[in-house]
2 protein chains.
Amino acid sequence: MAIEPATGLHHPERDEIELPAVLHALSDPHRLEIVRRLSEESEPRACGALDSDLAKSTLTHHFRVLRESGVIEQTREGTTKLTSLRREDLDARFPGLLNAVLSSAAVAA
Amino acid sequence: MAIEPATGLHHPERDEIELPAVLHALSDPHRLEIVRRLSEESEPRACGALDSDLAKSTLTHHFRVLRESGVIEQTREGTTKLTSLRREDLDARFPGLLNAVLSSAAVAA
């Protein structure tokens, strides 16, 4: 797992992204919803902008699971954490998977 | 969750199959391997035929998670449990998902 000294946030490299971890990250309805919303954004979002009824500590946990599995990227900008979907990495590593999950989430919603 | 009195084994109906449960079922490397092998079979298989280093109780647990999420179907034939992938149900409910996961598993292997 790669460490980015500038942020202290762990992100796996593209070729370290593992399918079971990605599927696990996507197997929670709240995390799936976060990913669905991020998929609609072209710019990284501040976490706080993803409004949610969840407690902050719960949200932080979900973001960490998503980040450590390689689904999202988080960077710090001042005191804000910006979040974006690692669509390019996921599409390169597991072609078609993210789109299939997002379409399935739309069906299930 | 539907109960099949003849077998006592719980299977969700097609439209009760939930995406988070399916993704969770597929998020374990052993369960993913079971699904991958079943996907290569045209006939239901006896569980014992899916040889594995896992303890029987562990295998039973994995089969239950797969069955209760709607990924596999298990039927009893005499003293044998036959297992098959619910490909048609999964493809109807979440088009493209199973194939994307199986291709991704092949990439990851």
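Is A:His62 buried or exposed? A:His62 is buried, with a relative accessible area of 6%; buried means under 20% relative accessible area, exposed over 50%, and partly exposed in between (1.4 Å probe, protein chains only).

Before we set off, a word on the model: it is predicted, so local features need pLDDT of at least 70, side-chain atom pairs count only at pLDDT 80 or more, and totals for chains, interfaces and linings use all residues. Residues are numbered from 1 along each chain as its sequence is written, chains are lettered from A and ligands numbered from 1 in the order in which they are written, and side-chain values use heavy atoms, with hydrogens and water left out.

**Stop 1: A:His62**

Select A:His62, which sits in helix α3 of chain A. Helices here are DSSP runs (H or I, at least four residues), numbered from the N terminus. Now show what A:His62 touches: leaving aside residues up to four places away in sequence, you will find A:Asp28, A:His30, A:Arg31, A:Ile34 and A:Leu54. Contact means heavy atoms within 4.5 Å.

**Stop 2: α2 and α3 of chain A**

Next, select residues 29-39 (α2) and 56-69 (α3) of chain A, whose axes come within 10 Å and cross at roughly 70°. Axes are lines fitted to C-alpha atoms, for helices over the stretch in contact, and angles run from 0 to 180 degrees between N-to-C directions. That makes α2(A) roughly perpendicular to α3(A) (65 to 115 degrees; under 35 is roughly parallel, over 145 roughly antiparallel, the rest oblique). From α2(A), A:His30, A:Arg31, A:Ile34 and A:Val35 take part, meeting α3(A) residues that include A:His62 and A:Phe63.

**Stop 3: α1 and α3 of chain A**

Pick out A:Ala21, A:Val22, A:His24 and A:Ala25 in α1(A), which meet A:Val65, A:Leu66 and A:Ser69 in α3(A).

**Stop 4: α1 of chain B**

Hop over to residues 19-26 of chain B: α1(B) is mostly covered, with six of its eight residues buried. These are B:Leu19, B:Pro20, B:Val22, B:Leu23, B:Ala25 and B:Leu26.

**Stop 5: both chains together**

Definitions and conventions
Helices (H or I, at least four residues) and strands (E, at least two) are DSSP runs, numbered from the N terminus.
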